Amino acid sequence: MNEKPTMLLTLAPGVFVLMWSTGYVAAKFGLGYIEPLTFLALRFFCIVAIMAVLFIVMRPPLPKTKAEWMHLLIVGFLLQAMYFGMCYQSFNAGLAVGTLALILSLQPIIVALVAPRWSGEAVSWSRWFGLSLGLLGVCIVIITRSQIVAPSVLGFLFATFALAGITVGSLWEKRFGVSQHPVTANLIGFSAGLLGIIPFMVISESMTIVWSWPLIGSLTYLIIGSSLIGVGLLLAMIRAGDVSRVSALFFLVPPMAAAFAWLVLDEEMPPVAWLGMLFSAIGVFLATKNKTVKSV
């Protein structure tokens with residue numbers, strides 16, 4: 001009777017990482033037909049609409065206090081508007097998929113370093129070593145890729161803001177988050193992200209959309225694969241107590257994203273850059289092994 005759920009949870013971490021990795025490629029692919037914030041607003045609007053229907057049908061409980069509402073809105077803005085918004089802007093500025101994924105893979109390390117200090121715990125040498133190794137890997141990839149394509153300073157700036165968004169959002173949730181029904185949390189979180197990017201979209205973009213099958217395919221994949229399935233699997237693993245497995249597998253995201261970017265977008269990754277990917281992978285693994293660090 002329990003074999004099927006057990007099998008699903010066994011496969012969930014790998015499927016989640018696959019969705020997370022290919023989401024970068026799908027986003028950059030779709031940006032050839034639409035501006036970044038307009039693309040993100042369209043994606044969030046579709047997800048909010050789906051969640052609203054589920055909310056009406058399922059009628060899950062709403063947050064009970066103003067503080068719970070505030071924390072959901074803050075985390076939603078940081079993870080949806082700031083993180084995804086800056087990711088899309090970095091792609092639009094010319095940053096390679098593998099490079100962005102590698103920079104963002106430092107998030108579990110930073111959370112692993114900062115979170116214990118909030119509770120007064122000592123940070124182990126393996127975490128500091130993991131961060132150093134991860135940064136070394138990022139530098140190797142950036143330097144070697146610069147020999148092929150001139151680095152985008154603006155792209156790196158947007159990537160830094162994206163890293164800050166997902167890191168602060170994760171830490172905020174870790175400290176202040178209260179367990180909510182998945183439909184309620186997603187509806188409020190994505191609504192906060194949508195409301196957060198609309199003013200910037202109206203001010204800075206023409207909101208022109210070149211409708212095409214590649215754009216529709218990219219948008220559909222991001223909505224169903226990255227957002228609904230990816231987030232759904234993450235929530236399922238959290239409820240099952242397997243969050244540490246997500247963090248342990250998170251080091252696979254940069255090389256997997258780079259490989260798919262090479263296949264789909266023809267983004268070249270020099271041989272030495274793969275060594276940098278390896279260094280960062282080992283760094284993330286050392287900094288998060290045997291620890292339950294939430295990567296959102």
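In which hand does H3 pass H4 in their crossing? The tour below reaches that pair after a view of the whole chain.

Keep in mind that this is a predicted model, in which local features need pLDDT of at least 70 and side-chain atom pairs count only at pLDDT 80 or more, while totals for chains, interfaces and linings use all residues. Residues are numbered from 1 along each chain as its sequence is written, and side-chain values use heavy atoms, with hydrogens and water left out.

**The whole protein**

Of its 296 residues, 50% count as buried, where buried means under 20% relative accessible area with a 1.4 Å probe and protein chains only. On a surface view, the protein exposes about 14000 Å², of which carbon and sulfur atoms supply 72%, the areas coming from the Shrake-Rupley method with a 1.4 Å probe.

**Select residues 97-104**

This selection is helix H4. Eight of the eight residues of H4 are buried, so H4 is largely enclosed by the rest of the structure; among them are Thr99 and Ile103.

H3 passes H4 in a right-handed crossing, meaning that the near helix is turned clockwise from the far one by less than a right angle. Display the side chains of Tyr83, Cys87, Ser90 and Phe91 of H3 with Val97, Leu100 and Leu104 of H4, which make the contact (heavy atoms within 4.5 Å). By class, this contact of H3 with H4 has six nonpolar, one polar and no charged residues.

Helix H11 packs with H4 at an angle of about 165°, with their axes 8 Å apart. H4 and H11 are therefore roughly antiparallel to each other, a term for angles over 145 degrees. The crossing of H4 and H11 is right-handed. From H4, Val97, Gly98, Ala101 and Leu102 take part in the contact, and from H11, Val253, Pro254, Ala257, Ala258, Ala261 and Leu265. The contact of H4 with H11 has nine nonpolar, one polar and no charged residues.

Methods: Axes fitted to C-alpha atoms, helices over the stretch in contact; angles between N-to-C directions. Helix = DSSP H or I, 4+ residues; strand = E, 2+ residues; numbered from the N terminus. Parallel < 35°, antiparallel > 145°, perpendicular 65-115°, else oblique. Nonpolar A, V, L, I, M, F, W, Y, C, P; charged D, E, K, R; others polar.
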